[in-house]
Structures are given as structure tokens and as C-alpha cells.
Amino acid sequence: MSQATDVQLGSIGSLWRYPVKSMMGEELNAAEVTERGLRGDRAYALVDRADGKVASAKNPRKWPSLFDFRATFIEPPSRGANLPPVRIVLPDGSTVSSAQRDVDQVLSTALHREVTLEAIAGGDVGVGSSSGNPRTANAEEYWPDMEGLDYRDTVTDFALPEGTFFDCAVVHLLTTATLDRLGELYPQGRFEV
């Protein structure tokens with residue numbers, strides 16, 4: 001009969017939620033994990049009024065300053081409740097709330113591009129639409145001119161999973177060893193959460 005032994009594979013160094021897609025987020029002490037990841041993660045997104053595409057840091061030519069914005073929930077989102085508003089700190093240090101009537105104008109001015117802040121319908125499922133039904137949102141990705149990529153020096157469109165603002169995974173796990181290794185490979189860069 002073999003004896004089972006507990007093996008620690010790692011520990012959590014920090015836990016982060018990003019209330020607005022592609023903006024910096026908030027560090028958490030605890031979070032509820034749902035089938036769609038951490039409750040409230042990427043519950044909001046900016047939508048470009050010119051083409052209807054969701055703003056994504058995957059296209060830094062179009063959205064060069066998204067990481068200069070930080071979004072936090074005014075109160076934690078909870079199961080069965082409406083999605084709470086978010087507070088967004090702009091690059092100049094001023095703040096705007098999603099509950100403000102002029103939120104779209106403030107964000108458009110800061111981004112130098114006409115945008116609308118949209119939220120997941122009902123707080124848990126579905127990207128809202130004028131009909132109240134979930135819709136599929138689209139975003140763009142820039143492919144740098146690098147050998148081995150599917151595309152080079154071009155922008156492609158991709159659909160986000162229906163009713164979400166996620167583009168590839170609902171949860172990302174990143175080890176400190178990975179961050180350390182990236183720092184070794186690219187010492188002039190910064191690799192943070």
C-alpha cells in the first residue's frame with residue numbers, strides 16, 4: 001500500500017482582477033472563482049465608436065495608453081446582484097466613475113478616440129446590446145514583423161467568446177519564475193502583474 005504525500009507545487013504571491021479589459025486592475029485578498037473566472041474580471045470594456053471593436057492592448061498602435069489607466073470596483077461584485085460601478089484612474093491622476101453621465105466623454109477625451117464604456121449584461125453573463133441579448137464582440141490584434149508568426153506587421157480581427165470580454169482565457173496563472181526568466185531574457189524591460 002502506497003502512502004500519499006502532500007507536495008506543494010507553488011503558492012499564490014498575488015491575486016489580481018481587471019474590471020475593465022486591457023486596463024490595469026486591482027490586487028485582491030480573496031476572490032470568488034466562477035466558470036467565467038474571477039467574479040468581475042473584465043466585466044467592462046471600452047468599445048470604439050468608429051468601428052464597434054473592443055479596445056485591446058493587443059493592438060498597441062491603436063490603443064497605446066490603455067495600461068496607463070487603472071480600474072477598480074467601487075464595491076465588490078457579488079453573485080445575483082447588478083454589476084457595481086468601476087472607478088477609473090486616468091493617466092493624469094484624475095478619476096471617473098462608470099456611474100457618471102459623462103463617463104464616455106471623459107474617457108474619449110483621455111484616449112483621443114470616441115469610445116463607449118460597456119458592461120457585461122446583468123453582471124454575470126452576456127455582453128449587453130440594445131436588444132438586451134448577448135452579442136459577440138470583436139477586437140483586433142497587432143502582429144509584429146517577426147519570423148515564425150502566422151501574420152507579420154498586420155492587424156487581424158478576432159471574435160471574443162459570446163457574452164464576454166475575454167480574448168483567450170478566463171484565468172491566467174503566471175509564476176514568479178516566469179517573470180524572473182523574462183527579466184533575464186529582456187533585461188531592459190519590466191515584467192509585472
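Where is the place of S22? S22 sits in the loop between strand 1 (15–17) and strand 2 (26–28), where helices (H or I, at least four residues) and strands (E, at least two) are DSSP runs numbered from the N terminus. This is a predicted model, in which local features need pLDDT of at least 70 and side-chain atom pairs count only at pLDDT 80 or more, while totals for chains, interfaces and linings use all residues. Residues are numbered from 1 along each chain as its sequence is written, and side-chain values use heavy atoms, with hydrogens and water left out.

**Positive phi in loops**

- S22 is a residue other than glycine with a positive phi, near 70°, and it counts as buried because its relative accessibility is 14% (buried means under 20% relative accessible area, exposed over 50%, and partly exposed in between, with a 1.4 Å probe and protein chains only).
- H112, which is not a glycine either, has a positive phi of about 55°, and H112 lies in the loop between helix 1 (103–111) and strand 9 (115–119).
- H112 counts as exposed, because its relative accessibility is 73%.

- Three strands form an open sheet in the order 6-7-8, with antiparallel pairing; two strands pair if DSSP finds at least two bridges between them.
- Strand 6 (70–73) and strand 8 (95–97) are the edge strands, each of which pairs on one side only.
- Strand 6 and strand 7 (residues 86–89) run antiparallel and are joined by four bridges, and T72 has R87 in strand 7 as its bridge partner.
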